Amino acid sequence: MPMRPFVVAGLAALAALPLGAQWSNRYPRLAGFNHHVYLEGYELPTLTQGPMDPAPAPDGKRIAFASRGWLWLFDPATGVATRLTRGGQVDARPAWSPDGTRLAFVRDDGRSLAIMLVDVATRAETRLVADSAIVLDPAFSPDGRTLYYSSGAGGDLDLWKVDLATRATTRITTTNGLNELQPMPTRDGTVLVYLAKTRGGADQVRRRVLSTGEDAPLASGSILSMMRGAVHPDGRSMVLAWPSQEGYELRLASATQPGATVELLREPRLLPLAPAFSADGNTIWFAHADARQAMHLARVPTAGGAWQDVEVKRWDWGAPTAQLRVMTKLASGGVPVPARIAVAGGDLHPMVPDVGQVRFDGQNGVAFFYSDGVATLTVPAGEVTVTAVRGLATPPVTERVTLKPGETRTVTLSLAPVWNARAAGWLSGEHHFHLNYGGPYVLAPDALVDMGLAEDLDVLTPMLANLAQRFEDQPLFAWRHVKAKPWIVWAQEVRAHFFGHVGMLNTSALFWPWIWGPGYDVHQRDDRPNADALAWARTHGGLNTYVHPVSDEGPFAAGAPRGIPVGFVADAVQGQVDALEISCLWSDERGTTDLWYRVLNAGIPIAITAGTDVMNNLYRTMTIGTTRVYVHPDKPGDVASYFAALKAGRSFVSTGPMLDFHVGKAGPGQVVARGAGTAAWTLDLHSAVTVDTLAIIVNGVVVQRLEGLGAPGSRHYEGTVTLPAGGWVAVRATGAPTRAWPGMDSYAFAHTAPVWIDRVGSTEPAAKAQAARDLLRALDVADQALATAYADAEHPRLLAHFAAARRILDGWAKP
């Protein structure tokens, strides 16, 4: 919706932005998840190189698993894995029929999921269940007549069953707000053990008696992410892949009643996934990733003891294969350069590299991986399409080749950036993402070097953050990579959900506590404003920022302001905020700039930054740098100079377009003299994505619109602008929804930091008064939220903090 008009210095209205800036979901949205990224990232199948989702056969002789997007049958005695399924879609999570003749599995077409059946002998396939776009976790009943599964047909994920003779489906669970997954029937067929996840992250393992509907929890935890389980053939115990402070471990627990769990397997940097019992119950099979993100099949005795990898000695593709080498170079020549790559077969099946993690771009629906300049893939012979980009500045380059059986072919792709930002004095930064966050891999920090190079990033600040009550990866905070680019300096995200999340960049120490306030079990009523963490960042050598601040498209639309972090206005008005994350996948550029314009109009010089907030060890995650900030430091070779320029606002943020803007000789973060009241401006636009419109903005109001770019390239603009008595000038670029690389955010967007008129923080009186009145309305909402949440607790510090902000705004709001 358009932004609410308000009058500033005789100009009629604030600028309207496109809709739908916040990335939400690729698969149809289910009501049972606050953040669909957790559903898609944690619960949907994963495309891997190497075995995943092991399923031991009833005869004890074979293991079915998923790898490279197909199902395979593995004979541990010979070490041979034989491909079972084919086709362009991604197959996962096999489950055996009791007689060992069929496998049920999940098929993923990149937009929806279906439950399939395949006859192991004939390989004939049947589409069994597609009653919702999200169906998961098939499991046969002991008599083989029924298939249990999880489906979103009811609005959230519930347990269902299908009669295999009649194809009639029946819903088993109906609890609203509880998402039920992975049904695990006991061998006698009387009980289903299953996983249940809530909107708030309070996850459970539950037990349901099918004849009576009696349903009770067996175990619980917070945001259990990759937790999966299996019930022992005797029906009395189960194995769970369970999170701990150090990672994941295998634990044994009762499948009949709540009780303590027993540690079976824990080892540093081992993340055991998808455990499954052998038919006799004596062995637990599982999958895990190595340091190069290749999955391996492993087993451990149920009684405990040493675990061991079980090697796949030969892969029988059932069809001729070829070797594909993908080399990426800059069009200007030279050695191979790191890049982002996607490879698909003639049937559009995604191909995975022989080494390295695969990820899925949920905006464009593309599986991709990073290359250090040369990547090798084993692929079925035939047609293959290869696409590569490097960061946001290179248009995608695609080549289609036909590979002969047994052939080794090198495909070289030449990448031509539309602009060399570095040569113009700009460095690009990604300041909000997480290296490990509940995904199937344990990534080491040096993996970020190749990622940063592939995305042509200069500065990375991966953030440590809590995952529920777990504070993982703390030892990494001391790790730095600053002798060569990309510079990598660890940061911290402090998550007081109630007050808003804040980021702390380039600090010398971690802030404690990481979490507090309503919504947490500990520190729940701490009398502590976000200002404590913000001040910590400054006194420990860093800078602070509110991250993913506004998810609403129009926080100041008709009615009470909404979607603004409770702590932000009080903190910003008192000068305690250094920067605002304008561009982030999980927030809305429109809503955030709506708030930011008012802060600037009030004379508060808050800088801008950007970060994706992606979780890098997930399969379904966009790339780092999809949203980024460009900074113009005085000393491009100095880390401290970069952060000083970021804090000073010498920057622009982007999801694709790049803006080099000056008013007179002043760039973003600098000052132009008002003089006679007009000034010349110049703008150079560079973009590998389509840009529809450019807007020259003065004090939040569009004073001139310019035509953008319909194709990759550059364009120069110049003109004059009338300068009011005070305030700021900036440029914004917007484009259509993203449909292709290099972009992965919802739509093309870029915004410069302000060029200030006469002095940093100058204001135009009417604009300042109106901004203060709007911010007071937002503070009213925050005050009411505070009163409600802390009704049963003394909180004098918070009251004083909010009251001080109100006194300041009251003074500014007077005409």
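In what order do the 5 strands of the open sheet stand? The order is 1-2-3-4-25, and the pairing is mixed. Strands here are DSSP runs (E, at least two residues) and helices are runs of H or I of at least four residues, both numbered from the N terminus. Two strands pair if DSSP finds at least two bridges between them.

The model is predicted: local features need pLDDT of at least 70, side-chain atom pairs count only at pLDDT 80 or more, and totals for chains, interfaces and linings use all residues. Residues are numbered from 1 along each chain as its sequence is written, and side-chain values use heavy atoms, with hydrogens and water left out.

**The sheet**

Strand 2 (residues 63–67) runs antiparallel to strand 3 (residues 70–75), with 5 bridges. Across this pair, Ala-64 has Leu-73 of strand 3 as its bridge partner, and Ala-66 stands opposite Leu-71. The two strands form a hairpin with 2 residues between them, and Arg-68 in the turn has a positive phi of about 60°.

Strand 3 also pairs with strand 4 (residues 80–83), again in the antiparallel sense, over 4 bridges. Here the bridge partner of Asp-75 is Val-80 in strand 4. This hairpin has 4 residues between the strands, and Gly-79 takes a positive phi near 80°.

Strand 3 is largely enclosed by the rest of the structure, because 5 of its 6 residues are buried (under 20% relative accessible area, with a 1.4 Å probe and protein chains only).

**The pockets**

A pocket is an open set of points on a 1 Å grid over the protein atoms alone, where a 1.4 Å probe fits, with protein on both sides within 12 Å along at least five of seven lines; lining residues have an atom within 4 Å of a point. A volume is the space filled by probe spheres set on the points.

| Largest | about 1,400 Å³ | Asn-34, His-35, Tyr-38, His-497 and His-501 |

Helix 1 gives the most to the lining of the largest pocket, with 6 residues. That lining divides into 20 nonpolar, 20 polar and 10 charged residues. Ala, Val, Leu, Ile, Met, Phe, Trp, Tyr, Cys and Pro count as nonpolar, Asp, Glu, Lys and Arg as charged, and the others, Gly among them, as polar.

The lining of the second largest pocket has 30 nonpolar, 9 polar and 5 charged residues. Strand 1 is one of the strands that supply at least two residues of this lining.

Terms used:
Buried < 20%, exposed > 50% of the residue type's maximum accessible area, 1.4 Å probe, protein only.
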